[in-house]
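Dear colleague,

I am handing over the structure below for your review. My findings follow directly after it.

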Amino acid sequence: MPTPSLAALPIRRLTLRDLRACADLSEDRGWPREEHKWGFLLTAGKGFGIDDPQGGLVAACVVTEYGSWQRLELGAIGMVLVAERHARQGVGRRLMQHVVAAMGTTPLTLHATPYGRPLYEELGFKVTGRAEMLTGTFTPSGPESGVPTRAATAEDLPAILRLDEEVFGADRTPLITRLPAFADQLRVAEEGGRIIGYTAAWPNMDTHVVGPLIARDTETAKALIASLAVGTNRPLRTDIDVRHEELLRWAKTRGLASVAFNAVMTYGITDLPGDWTRRFAPLTVAAG
């Protein structure tokens, strides 16, 4: 039988059963397999993909929705991948057009690599910011910030959710409530019995990714990162909003090095909601 054209292949919803195929697709494009992250995104978000008649996936992406079931406030698009053998044939554009149409009037955001940015601009996404990816082994250098931190407990979750919605600008309950199981560490910063920041470190291949990182100020963000570093022997990785220049300088003096810059893009809104001054790093660039 003749092989169907790429344009005729249907786009379908992905599920956790597609985890291996998604990881294979990542590997095909030279990315790490990132099965732990794929599993998280496929359960917390909505996956979309195109099956290859010869096996595996032609393309895939994930959308993570924020807000209430009555009104979505934001959708984050990530993990947009097209198999190498099908690259530069319009597959990524078709998949993105499908996702944008499926999301209707819901505002969208994504982190774009320099390679993917031209496609997103063609589809109407606008650059509204930048994030700098850092990675390396954290090396303490004398006394760190005096802001006290501790491991989060189940009793902290309501306060974390309230703070997160206030700073992020939309309800992320389905995502944040999965953090205790997804992350190896979940820590909070406290002042006078009130939580003023929180962060997590989750495993991704041979690193621990720091995110989300929400904090009252830069000193609190420093204290949270330093406290995570104490609890791991792995290199850290994080994606910090470039407007947080002081935190970036501090992290680089502690052994983290710049790896790449990604453009933060939006569709349907001129800027992200919430308070960027307290939003230092996303949970993952794939989910905002």
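The lining of the second largest pocket draws at least two residues from each of α5 (157-168) and β9 (194-204). Please note that the model is a predicted one. Helix α5 is the main contributor to this lining, giving four residues. The volume of the second largest pocket is about 180 Å³. Among the residues that line this pocket are Ala-159, Arg-162, Leu-163 and Glu-166, together with Arg-194, Arg-216 and Arg-278. By class, its lining comprises five charged, four nonpolar and one polar residue.

The largest pocket has a volume of about 1100 Å³. It is lined by 41 residues, of which Trp-31, Val-80, Leu-81, Thr-113 and Tyr-115 are the closest to its centre. At least two lining residues come from each of β4 (72-82), α3 (91-102), β5 (108-112), α4 (117-122) and β12 (257-267). Strand β4 gives the most, with six residues. The lining of the largest pocket consists of 21 nonpolar, 12 polar and eight charged residues.

A further finding concerns two packed helices. Helix α1 (residues 19-28) and helix α2 (residues 35-44) pack at an angle of about 130°, and their axes are 10 Å apart. That angle makes α1 oblique to α2. The crossing of the two helices is right-handed. On the α1 side, the contact involves Leu-19, Cys-22, Ala-23 and Ser-26, which meet Glu-35, Trp-38, Gly-39 and Leu-42 of α2. The residues of this contact are five nonpolar, two polar and one charged.

Yours sincerely

How values were computed: Residues numbered from 1 in each chain as written. Predicted model: local features only at pLDDT ≥ 70, side-chain atom pairs only at ≥ 80, totals over all residues. Heavy atoms only, no water. Axes fitted to C-alpha atoms, helices over the stretch in contact; angles between N-to-C directions. Parallel < 35°, antiparallel > 145°, perpendicular 65-115°, else oblique. Left-handed = near helix turned anticlockwise from the far one by under 90°. Contact = heavy atoms within 4.5 Å. Nonpolar A, V, L, I, M, F, W, Y, C, P; charged D, E, K, R; others polar. 1 Å grid on protein atoms, 1.4 Å probe; cavity = no way out; pocket = protein on both sides within 12 Å on 5 of 7 lines; lining within 4 Å. Points joined across faces, edges and corners; volume = space filled by probe spheres on them.
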